[in-house]
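Hi,

Here is the structure I promised to pass on. Have a look at it first, then read my notes below.

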Amino acid sequence: MITPEQREKLRGWFAGRLPDDLFEDLVEVTPDREEITVIGRIPEPRLAEGASDAEREAAVRARIQEFRERTREARIEVAREAEHLFRRKVSWGVVCGAERALFTHVAAPVMTRLRQPERQVLDTLIAGGVARSRSDALAWCVRLVQRHTDDWLTELRESLEHVQRVRAQGPDSEEVVDSSSGDGEDG
């Protein structure tokens with residue numbers, strides 16, 4: 001698990017390393033064991049007053065695509081540096097108005113063993129057209145759980161961070177001192 005201090009250092013590194021004109025604002029830097037996702041805010045397109053929702057949606061999508069193409073080389077340069085330094089892939093995304101878009105990002109394989117009742121759930125999602133494969137169905141289930149249990153997951157993450165702080169203060173955090181007194185008696 002990534003500690004809050006490690007998250008802050010990553011965010012600081014990206015804030016200092018990204019070109020000043022890349023994003024209006026660095027929205028988030030989210031690491032896990034395989035990947036660091038960097039998301040920044042880009043300006044919304046200027047539209048005439050009273051523009052339709054369809055026009056606004058098309059303009060935002062076009063703005064995101066234009067940003068992706070225009071900044072590709074700069075993002076690749078930063079990603080290569082970060083990947084060498086942090087030993088994780090870097091993925092990119094943007095927020096433009098109310099739209100959030102992720103560019104190519106890691107889809108890490110996860111080995112799991114499921115019993116028949118769990119496999120039947122996945123197969124039902126496939127049969128119902130919710131997912132194309134068991135992998136898609138499992139990802140759908142994880143997103144559903146994530147959406148409905150954000151508070152619980154946040155509390156769990158905070159508890160794990162507390163456990164890491166306590167472990168860091170334990171006896172293995174310092175060099176172990178030989179406690180034998182040399183007086184021949186067992187202590």
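(Buried means under 20% relative accessible area, exposed over 50%, and partly exposed in between, with a 1.4 Å probe and protein chains only.)

Before the rest, some ground rules. This is a predicted model, in which local features need pLDDT of at least 70 and side-chain atom pairs count only at pLDDT 80 or more, while totals for chains, interfaces and linings use all residues. Residues are numbered from 1 along each chain as its sequence is written, and side-chain values use heavy atoms, with hydrogens and water left out.

Salt bridges

Glu69 has a partner: Arg72 forms a salt bridge with it, and the closest N and O atoms are 2.7 Å apart. (A salt bridge is a side-chain nitrogen of Lys or Arg within 4 Å of a carboxyl oxygen of Asp or Glu.) Arg72 is partly exposed too, at 30%. By this rule the count comes to 10 salt bridges.

Another one joins Asp123 and Arg134, at 2.9 Å from N to O. Asp123 sits in helix α4 and Arg134 in helix α5, so this pair ties together parts that are 11 residues apart in sequence. (Helices are DSSP runs of H or I with at least four residues, strands are runs of E with at least two, and both are numbered from the N terminus.) Asp123 counts as partly exposed at 32% relative accessibility, and so does Arg134 at 39%.

Asp136 and Arg132 also meet through their side chains, with 3.1 Å from N to O in the salt bridge. Here Asp136 is partly exposed at 26%, whereas Arg132 counts as exposed at 73%. Finally, Arg17, Glu77 and Glu81 are linked in a network of salt bridges.

Pockets

The largest pocket has a volume of about 2100 Å³. (On a 1 Å grid over the protein atoms alone, a pocket is an open set of points where a 1.4 Å probe fits, with protein on both sides within 12 Å along at least five of seven lines; lining residues have an atom within 4 Å of a point. Grid points are joined across faces, edges and corners, and a volume is the space filled by probe spheres set on the points.) It is lined by 40 residues, and Asp32, Glu34, Glu35, Val142 and Gln146 lie nearest its centre. α5 gives the most to this lining, with eight residues. By class, the lining of the largest pocket has 20 nonpolar, seven polar and 13 charged residues. (Ala, Val, Leu, Ile, Met, Phe, Trp, Tyr, Cys and Pro count as nonpolar, Asp, Glu, Lys and Arg as charged, and the others, Gly among them, as polar.)

The second largest pocket comes to about 240 Å³. It has 14 lining residues, of which Arg75, Val90, Trp92, Phe103 and Thr104 are the closest to its centre. The elements that give two or more residues to it are α3 (72–86) and β3 (89–96), and α3 gives the most, with five.

A surface patch

Val130, Trp140 and Leu144 form a nonpolar patch on the surface, with about 220 Å² of accessible area together. (Patches are made of residues with over 30% relative accessible area and no salt bridge; nonpolar side chains are joined within 5 Å, like charges within 9 Å. Areas come from the Shrake-Rupley method with a 1.4 Å probe, and for residues only the protein chains shown count as cover.) Trp140 lies in helix α5 and is partly exposed, at 31%.

Cheers
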